[in-house]
Amino acid sequence: MAFKYKSIEENDTSGPKKGEDKPQVKGRANWQNKAGSLDTESRRDSPIGVFDSGVGGLTVAREIIRQMPYEKLVYFGDTARVPYGSKSKDTIIRYSRQIYRFLMTKKVKAIVIACNTASAYALETLSLESSVPIIGVIHSGARAAVEATQNGRIGIIGTSGTVDSRIYPKTIKALKPDVEVIQKACPLLVPLVEEGLTHDSVTDEIISRYVNEIKQKYIDTLVMGCTHYPLLRSAIRRIMGDEVTLVNPAYETAIELRELLRSEKLLCDGQNEGGHSFYVSDLAERFRDFASSILPKEVEESIKIQIEEY
């Protein structure tokens with residue numbers, strides 16, 4: 001299954017544009033304090049950790065694989081505890097700490113929180129505790145939306161947790177104060193994706209009900225503020241119309257990660273395609289089948305672990 005995104009993704013360059021900020025990495029100074037003396041040469045071949053509440057983060061993993069085919073990934077999907085969007089901040093931080101500790105056992109060189117809710121609630125905390133660079137998916141998506149809008153009206157669709165955190169309006173207005181941001185929580189979309197109902201009339205009807213309100217605000221840019229939502233892109237595009245630019249933070253995050261690894265001399269310079277490992281907290285076979293339909297290559301195995309033990 002291959003998705004083709006809009007022109008803001010296709011006009012990619014090999015690095016930041018002139019005058020563009022370097023990737024913003026939470027906890028970067030902390031990582032440098034703890035690991036700055038390590039031999040970066042030996043760490044280039046270490047894997048990248050990626051985690052999400054379930055299968056949505058596979059959209060981020062897919063873009064990382066496309067942009068950096070020589071990198072190895074260790075992916076964790078918290079399929080036993082999905083969705084994250086309806087849970088409290090304290091709970092999300094607890095889950096994220098457990099996953100961070102698990103990923104560190106795999107000797108990852110960087111971590112991507114491939115979940116908007118976890119990025120909103122747990123990134124700052126993990127950044128203070130992390131011994132490796134760690135990024136979320138909020139800032140890169142917000143920056144792309146600011147660059148894309150022409151009329152200054154940006155829509156955000158996301159989980160209840162992401163919307164309630166107001167992280168997108170805060171981030172967008174910090175970049176461009178005069179932009180109007182209209183948010184809409186879409187709590188039913190993640191369960192529908194997790195059930196595999198990405199091309200279903202029921203899903204289309206629910207999307208239409210959710211986005212009708214922000215569509216009437218004449219937005220010209222819509223951020224798919226949950227990593228599950230790019231899997232619904234065709235339906236969202238059809239309902240919103242071609243005049244609205246869809247921003248996929250999954251793609252933007254992969255570009256930000258590539259520039260981070262390059263700037264820290266951690267980008268793998270191998271000549272063989274990276275091998276990837278997949279772990280879940282439940283439903284390993286269903287995850288494997290779904291991942292195989294999303295990623296460029298078939299996923300041969302996904303391993304169930306007891307994440308509460310970390």
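## Close-up views of a predicted protein model

Figure 1. Of the contacts in the protein with a separation of 6 or more, 79% are between residues 24 or more positions apart. The model is predicted. Its secondary structure comes to 14 helices and 10 strands. The protein has 310 residues, and 57% of them are buried. The accessible surface is about 13500 Å². Carbon and sulfur atoms hold 47% of that surface.

**Figure 2. Y121 sits in helix α6 and reaches across the sequence.** Helix α6 covers residues 116-129, and Y121 is part of it. Y121 counts as buried because its relative accessibility is 15%, below the 20% cut-off. I93 is 28 residues away from Y121 along the chain, yet their C-alpha atoms are separated by 6.7 Å.

**Figure 3. I138 is a buried residue in helix α7.** This helix runs over residues 138-148 and includes I138. The relative accessible area of I138 is 7%, so the residue is buried. I138 and I113 are 25 residues apart in sequence. In space, their C-alpha atoms are 9.7 Å apart.

**Figure 4. K89, R166, K170 and K173 form a positive patch on the surface.** These four residues gather in a patch of positive charge. K173 belongs to helix α9, residues 167-175. K173 has a relative accessible area of 35%, so the residue is partly exposed.

**Figure 5. R81 and D78 form a buried salt bridge.** Side chains of opposite charge can pair when their charged atoms come close. A search of the whole structure finds 15 salt bridges. In the bridge between R81 and D78, the closest N and O atoms are 2.7 Å apart. R81 is buried, with a relative accessible area of 9%. D78 is buried too, and its relative accessible area is 0%. Salt bridges that share partners join D78, R81, R94 and E308 into one network.

**Figure 6. E213 and K184 link a helix to a strand.** The two residues form a salt bridge, with the closest N and O atoms 3.5 Å apart. E213 lies in helix α11 (residues 201-215) and K184 in strand β6 (residues 180-185), so the bridge ties together parts that are 29 residues apart in sequence. E213 is partly exposed, at a relative accessible area of 41%. K184 is also partly exposed, at 22%.

**Figure 7. R258 and E259 pair in a salt bridge.** The closest N and O atoms of R258 and E259 are 3.3 Å apart. Both residues are buried.

**Figure 8. A cis peptide bond joins V82 and P83.** Omega at this bond is about 0 degrees. P83 is in the loop between β2 (73-77) and α5 (89-104).

**Figure 9. K265 has a positive phi in a loop.** Phi is about 60 degrees, although K265 is not a glycine. The loop that holds K265 is between α13 (249-263) and β9 (276-280). K265 counts as exposed because its relative accessibility is 54%, over the 50% cut-off.

**Figure 10. L283 also has a positive phi without being a glycine.** Phi at L283 is about 55 degrees. L283 is in the loop between β9 and α14 (284-294). L283 is partly exposed, with a relative accessible area of 39%.

Terms used. Residues are numbered from 1 along each chain as its sequence is written. This is a predicted model: local features need pLDDT of at least 70, side-chain atom pairs count only at pLDDT 80 or more; totals for chains, interfaces and linings use all residues. Side-chain values use heavy atoms; hydrogens and water are left out. Helices (H or I, at least four residues) and strands (E, at least two) are DSSP runs, numbered from the N terminus. Buried means under 20% relative accessible area, exposed over 50%, partly exposed in between (1.4 Å probe, protein chains only). Contact means heavy atoms within 4.5 Å. Accessible areas come from the Shrake-Rupley method with a 1.4 Å probe; for residues, only the protein chains shown count as cover. Patches are made of residues with over 30% relative accessible area and no salt bridge: like charges are joined within 9 Å, nonpolar side chains (Val, Leu, Ile, Met, Phe, Trp, Tyr) within 5 Å. A salt bridge is a side-chain nitrogen of Lys or Arg within 4 Å of a carboxyl oxygen of Asp or Glu. Lys and Arg count as positive and Asp and Glu as negative; His and the chain ends are not counted. The place of a charge is taken as NZ of Lys, CZ of Arg, CG of Asp or CD of Glu.
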